[in-house]
Amino acid sequence: MCASAMQAQAAKSLLLGLNFKMRVQVSDDERTIFPLQPMAFGRLNPATGEREALVGQFGLVPDWVTAERGGAKFGRNCYNARTETVFEKPSFRKAILARRAVVPVEA
């Protein structure tokens, strides 16, 4: 993922086309998104197993990050996983195995 992404109405259309149920209102405004800003994504609900579309923070905050280590602001530095090392880096190791999502972007 890049340091910014463009997400527009097409994101909502894409998620609906993939049979994701909209759980929240997705903004119709086209905008550039940077780390720590909200963006639409789709995932499998861990409890029910059904597809759902949500809004979440762009950037990953690992479960081991505490307020002393930067808290939610840690996500500003943790958004770019490399395929070669994603299973080795402590920031991404648990997330890649348990928390996957579809992030529709246009640019």
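## A loop residue to start from

Let's begin with Asn45, which sits in the loop between E4 and E5. The model shown here is a predicted one. Is Asn45 buried or exposed? With a relative accessibility of 15%, Asn45 counts as buried, because the cut-off for that label is under 20%.

Which residues does Asn45 touch, once its neighbours within four places in sequence are set aside? The answer is Glu50 and Glu52. Glu52 will come up again below.

## The hairpin around it

Strand E4 covers residues 38-44 and strand E5 covers residues 51-57. They pair in the antiparallel sense, over 7 bridges. To find your way across the pair, look for Gly42, which stands opposite Ala53 in E5.

Together E4 and E5 form a hairpin, with 6 residues between them. In the turn you will find Gly49, whose phi is positive, at about 80 degrees. As a general point, side chains in a regular strand alternate between the two faces of the sheet.

## One salt bridge

How many salt bridges does the model contain? The count comes to 1. It joins the side chains of Glu52 and Arg43, with 2.7 Å from N to O.

Glu52 has a relative accessible area of 4% and is buried, whereas Arg43 is partly exposed, at 29% relative accessibility.

## The largest pocket

The largest pocket holds about 1000 Å³ of space. Its lining is made of 29 residues, and the closest to its centre are Leu60, Arg99, Arg100, Ala101 and Val103. Elements that give two or more residues to this lining are E4, E5 and helix H2, which spans 93-98.

E4 gives the largest share of the lining, 5 residues. By residue type, the lining of the largest pocket divides into 19 nonpolar, 5 polar and 5 charged.

Our last stop is Cys78, in the loop between E5 and H2. Cys78 is buried, with a relative accessible area of 4%. Leaving out neighbours within four places in sequence, Cys78 is in contact with Gly59, Leu60, Pro62, Ser91 and Phe92. Among them, Leu60 is also one of the residues closest to the centre of the largest pocket.

How far is the C-alpha atom of Cys78 from that of Pro35? They are separated by 8.4 Å, although the two residues lie 43 residues apart along the chain.

Notes. Residues numbered from 1 in each chain as written. Predicted model: local features only at pLDDT ≥ 70, side-chain atom pairs only at ≥ 80, totals over all residues. Heavy atoms only, no water. Salt bridge = Lys/Arg side-chain N within 4 Å of Asp/Glu carboxyl O. Buried < 20%, exposed > 50% of the residue type's maximum accessible area, 1.4 Å probe, protein only. Pairing = 2+ DSSP bridges. Helix = DSSP H or I, 4+ residues; strand = E, 2+ residues; numbered from the N terminus. 1 Å grid on protein atoms, 1.4 Å probe; cavity = no way out; pocket = protein on both sides within 12 Å on 5 of 7 lines; lining within 4 Å. Points joined across faces, edges and corners; volume = space filled by probe spheres on them. Nonpolar A, V, L, I, M, F, W, Y, C, P; charged D, E, K, R; others polar. Contact = heavy atoms within 4.5 Å.
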